[in-house]
Structures are given as C-alpha cells and as structure tokens.
Amino acid sequence: MLNQVQDIRDGNQKAFEAFYALWSERVFFLFLKKTGNEADAADLTQQTFIKMWQYRSGLSDTHSLETMLFQNARLVFIDWLRKEATQRKRRAVAEAFYTQSPAVLTDHEQLHLAIRRLPAMRRKVIRLKHLEGYSYKEIAVLMNLSVKTVDNHVRQALKQLRRMLTTVFFFL
C-alpha cells in the first residue's frame, strides 16, 4: 500500500488508474446515495479523483489511500452542497427581485435587466464603455460630453449596478 501511495505521489499514471479502477464505483455509489442523481454522482466522483491527482504530492504515508480518498470525497460533497444552496438562494432572490416567471434568470440576463433600470444617460455610457469597448475619450466625442462627465457617469452607473445586483449576487 505504501508503495502505491509513493507511486501515485511520484505521478505514476498506471498506479493511479489502478487506484481509480478499484475505488471509483464505490465513490460513485456513495455520491449517488447522497444526491439521488446519477449525473451529479458521476460529476462528484470525477471531481474527487481529479483532486486526488492534482494534490497527489501531498498524499500522506500515515493514512491509507482509502482514508484520504473518502476525506477528499467528503470535502468535494461539502463544496457541492454549498454551491447548490447558493444557486437555490440566488434563484429565489432573482425571482423575488424581478417578479418574473419562475424561470431562473442567468447572470447575463440579471445584468442586462439591471442595466435597463439605469437612467438613460448612464445606461448609454455604460453600454458604450463596457459592452462596446469605447474609451472615455471616444464616448466623450460621441456624446458631446467632457471626459470627466463620462468618467462620472461610468462610476455612478457601476455604483448603482453594484447596489442593484448585490441582492442577487450576495450569495456568491
């Protein structure tokens, strides 16, 4: 067993493949039992083994590979639970905030809805700057404004967008 740990730590892919073949099904069924979803279980299993490979240099001689594998699986599962909870909260906030249909809004849609709520001048300046890539000077010429006024509109628009989106992205 110690030899297998050292082989994996040294980057021996054959040793890792043998380890994967031996344990992947058991890890998969553990995740399937916890999630009730085969796709999630497969993803979590894959993440667990990827992390084992990525952090192989830190594998310990004092613990068995099985122990380290299931500790890693536990951490992957906790991360997944946190992500799921965050997504549920974001969906609930987005639905309440926008009073739209129950369909979940993407981050992109949420941003565009928030931009539409900006005053017309700020909306136009923020679109030119951040969506179309114009410089402050180019926007000033296009809109017949001073560069300082453009800068002020951009700062105020970003401040307003942060306030509007804080409730949606608070859980990130």
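Mentor: Helices (H or I, at least four residues) and strands (E, at least two) are DSSP runs, numbered from the N terminus. This is a predicted model: local features need pLDDT of at least 70, side-chain atom pairs count only at pLDDT 80 or more, and totals for chains, interfaces and linings use all residues. Residues are numbered from 1 along each chain as its sequence is written, and side-chain values use heavy atoms, with hydrogens and water left out.

Trainee: In which helix does Gln46 lie?

Mentor: Look for the element that spans residues 38-54. Gln46 falls in that stretch. The helix is H3.

Trainee: Is Gln46 buried, partly exposed or exposed?

Mentor: Buried means under 20% relative accessible area, exposed over 50%, and partly exposed in between (1.4 Å probe, protein chains only). Gln46 has 47% relative accessibility, so the residue counts as partly exposed.

Trainee: How many Å apart in space are Gln46 and Val27?

Mentor: In sequence they are 19 residues apart. In space, C-alpha to C-alpha, the distance is 9.4 Å.

Trainee: How many helices and strands does the protein have?

Mentor: The elements run α-α-α-α-α-α-α-α from the N terminus on. The count is eight helices and zero strands.

Trainee: Why are H6 and H7 called oblique to each other?

Mentor: Axes are lines fitted to C-alpha atoms, for helices over the stretch in contact, and angles run from 0 to 180 degrees between N-to-C directions. Helix H6 (residues 120-131) and helix H7 (residues 136-143) pack at about 135°, with axes 10 Å apart. Angles under 35 degrees count as roughly parallel, over 145 as roughly antiparallel, 65 to 115 as roughly perpendicular and the rest as oblique. H6 and H7 are therefore oblique.

Trainee: Which residues of H7 make the contact with H6?

Mentor: Contact means heavy atoms within 4.5 Å. H6 brings Met121, Lys124, Val125, Leu128 and Lys129. H7 brings Tyr136, Ile139, Leu142 and Met143.

Trainee: Why do the buried residues of H7 line one face?

Mentor: The buried residues of H7 are Ile139, Ala140 and Met143. The arc is that of the directions from the helix axis to the C-beta atoms. Seen down the axis of H7, the buried residues line one face because they fall within an arc of 105°.

Trainee: Which residue just after H7 takes a positive phi?

Mentor: Step just past the end of H7. The phi is about 55°, and the residue is Asn144.
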